[in-house]
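The sequence and structure come first.

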Amino acid sequence: MKILFLEIDLEREWAVASLGPAFIGAFLRHHGHEVCVLRVPLELSSDRLIARIREQSPDILGLSLTSRQWLRARELVRAIRAELDIPVIAGGLHATFATETILQSPGFDYACLGEGELAMLELVEALEKSPRPLAGGLRNIWKSGGDRPELRPPFEPIDELPFMARDMLDERYGVVHMSTQRGCPFPCTYCAARQFNDLYGSYAAYGRRRSLQNVLEELSAIQSEGELNYVIFLDDTFTLNHAWVKTFCRNYGRYFGVPFSLHARVETVNQRMLEDLAEAGCRHITYGVESGSERVRQEIMHRHASNAQFCEGFRWTRQAGILVTANYIIGTPGETRADIEQTLSLHDDLAPDDFGYFVFYPYPGTPLFHLCEREGYLPANYYELPANHRRSILNLPGLSAQDIEDFYHRFTEVRERDHLARLVEHGDSAQQQTVITQVAQSAAQG
Ligand code: B12
Ligand code: SF4
C-alpha cells in the first residue's frame, strides 16, 4: 500500500518535519509498503494540495498533529475529503488527547492513540485485505463513530525499530536530529509529552532508551551515507541516565566528535557530567526553568529543583564552555504578578546565553488543562482558538490578559537588553545600532 503523510506547516521559516511519521515510515517501508511525505507550506492552497495528492495517488493519508497544527489540519482535511475518497488517520499528541474532537470533524476516519508503528502497520494491512469501512477492533486505532480502542504495550525492544526515514525529515546542511529515548519520568503538570506515561499507566515501562550501540550505529549510517555536521538530540531529558551519558561521551567523542546540542533538567546534571559532555562536543544545552517562583514551580508545576540548583547548574554549564538557553512560561494558572517578577529576577541571576519565553497554553490531557477546565478558566470555544504561546486564552482570577501581555513585553525588552549587552561585550557596533533601532521601534509600538 502507499501511505502519504502530510506535514502541516505553520511557519514560513524552515523547521524539521515531525519525527513520528519518520519512525512510522521507516517501519512501514521495512514491511514492504511505500511511504512518502508531503510538506504543506502556508502558501499551498487546498486546491493545489489536492492536485498534488491526486498525482501521488496514495491509499491512505496520515497526519501527525500537535495542538497547534490542529486547526489548519482540520480545514485541509475537510477540503481534501470533499474531493477525494482516501481514508485519513491522525496521530501524535493532539490526536491522542483530543481524539473525540478530531473524529467528529469531517474527513477524519481514524485516530491513533499513543505509539503508531505497529498500530499503523495493522491498519494498513487490514485496509489492504478488506474494503472500508473496517469493523474496528484494532488496538490503538480509534475509528470515527466507534469505541475507544484498547492499547497495545509500548514497543519493545526499542532497538528493533528501524532508524527514522531521514528523507521524510527534510534535514539540511548535515544537521541531523536524533531521538534516543521515549517517555519522560518527570511529573510536570503543564507538559503534554509526559502524558504518554499516564496513557500507558497500566504498562509499567513506557520510558525506554535505545542502547548506545544502536544510537552510534545510526550516526555511523548517516555519516557513511551523507553529511554529519551537527547533531540535535531532541530527547526530552538527554541527561536522565548517568551511566548511559558517560559511555555516550566516551564513544561519541572518539568516533564522531561533531558538535551537538541537547535538552536537560538541572537536577539531572552535575559538574563532571557537563565537562564530559563538553569534551565529547556538546556546544549547547536548553534547560526548562519555567518560573523563578519556587512556589509556582513546586506547588503548581510539580518541579522540585530550587533556584539555587538552577544557578549552580547554569554556572557549571557555562564553566564547561557550553552555551546555555533557558525557557520560561508566563501566565500559569495560580501565578501572580509577583511570581513573574521573580522569574525576571531569577533570569538575571542565571544570565543564560539565550532564552525563550512562552505564554502558558493548556495542552489537552495535562493536569493543568484539567485544572483550567474544572475552574472555568478555559473559554467555551477552546478547540476553535489557535494553540499559541503569545497570548493567553485563559480567564485567570489572579492575572489579567493585560498583565500577561505586559510581562510578555518585559521579557522582550530583557531579550533585547541581553542581546545588546553581548554585542557591547564583543564590540560589534554595526549590530549594536541595529538592535538599538529595533528596541526603539518596539518601544514606540508600546
Ligand atoms: C521534536 C519536537 C519538535 C520538533 C519537531 C516537531 C514534531 N512534531 O516532531 C520542532 C523543533 C519542529 C518542534 C516545534 C514545536 N514544538 Co515540539 N516537540 C518535539 C519533541 C521534543 C519530540 C517529538 C518527537 O519527535 N517525539 C518522538 C516521536 C517518535 O514521538 P511522537 O511524535 O509522539 O510520535 C509517535 C506517536 O505520537 C505516534 N504518531 C505521531 N504522529 C503520528 C501520525 C500518525 C498518522 C500515526 C498513526 C501515529 C503518529 O506514533 C509515533 C511513533 O510511535 C516533543 C516532546 C515529546 N516528547 O513529544 C515536543 C512537543 C511535541 N512540542 C511541543 C510544542 C508546544 C512545540 C512548539 C509549539 C514549540 C514552541 N513553543 O514554539 C513548536 C511547534 C510545533 C508544531 N509544528 O506544532 C509540544 C506539543 C504539545 C501539544 N499537545 O501540541 C511537545 C509535546 C512538548 C511538550 N512537552 O509540551 N517540536
Ligand atoms: S522534564 Fe520536560 S519532558 Fe519531562 S515532564 Fe517535564 S517538561 Fe515534560
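The model is predicted.

**Ligand 1**
- Ligand 1 is surrounded by 35 residues, of which Leu-19, Gly-20, Ser-64, Gly-91 and Gly-116 are the closest.
- Two or more residues of this shell come from each of helix H1 (19-30), strand S3 (60-64), H3, strand S4 (88-91), H4 and helix H6 (117-129).
- The most is given by H1, which supplies five residues to the shell around ligand 1.
- The shell around ligand 1 holds 18 nonpolar, 13 polar and four charged residues.
- Domain 1 (2-143) and domain 2 (171-399) each provide at least three residues of the shell around ligand 1.

**Domains and their contact**
- The domain assignment divides the protein into domain 1 (2-143) and domain 2 (171-399).
- Taken over C-alpha atoms, the centres of domain 1 and domain 2 are 27 Å apart.
- Contact between the domains involves 13 residues of domain 1 and 15 residues of domain 2.
- On the side of domain 1 that touches domain 2, helix H3 (67-83) and helix H4 (93-97) are the elements that give two or more residues.
- H4 gives the most to that side, with four residues.
- By class, the side of domain 1 that touches domain 2 has seven nonpolar, five polar and one charged residues.

**Packing of H2 and H3**
- Helix H2 (residues 46-56) and H3 have axes that come within 10 Å and cross at roughly 55°.
- An angle of 65 to 115 degrees would count as roughly perpendicular and one under 35 as roughly parallel, so H2 and H3 are oblique to each other.
- The crossing of H2 and H3 is right-handed.
- H2 makes the contact through Ser-46, Leu-49, Ile-50 and Ile-53, and H3 through Leu-76, Ala-79, Ile-80 and Glu-83.
- Six nonpolar residues, one polar and one charged make up the contact of H2 with H3.

Methods
Residues are numbered from 1 along each chain as its sequence is written. Chains are lettered from A and ligands numbered from 1 in the order in which they are written. This is a predicted model: local features need pLDDT of at least 70, side-chain atom pairs count only at pLDDT 80 or more; totals for chains, interfaces and linings use all residues. Domain bounds come from an automatic or database domain assignment. Two residues are in contact if their C-beta atoms, placed from the backbone, lie within 7 Å. Ala, Val, Leu, Ile, Met, Phe, Trp, Tyr, Cys and Pro count as nonpolar, Asp, Glu, Lys and Arg as charged, and the others, Gly among them, as polar. A residue is near a molecule or strand if its C-beta atom, placed from the backbone, lies within 6 Å of it. Axes are lines fitted to C-alpha atoms, for helices over the stretch in contact, and angles run from 0 to 180 degrees between N-to-C directions. Angles under 35 degrees count as roughly parallel, over 145 as roughly antiparallel, 65 to 115 as roughly perpendicular and the rest as oblique. A crossing is left-handed if the near helix is turned anticlockwise from the far one by less than a right angle, and right-handed if clockwise.
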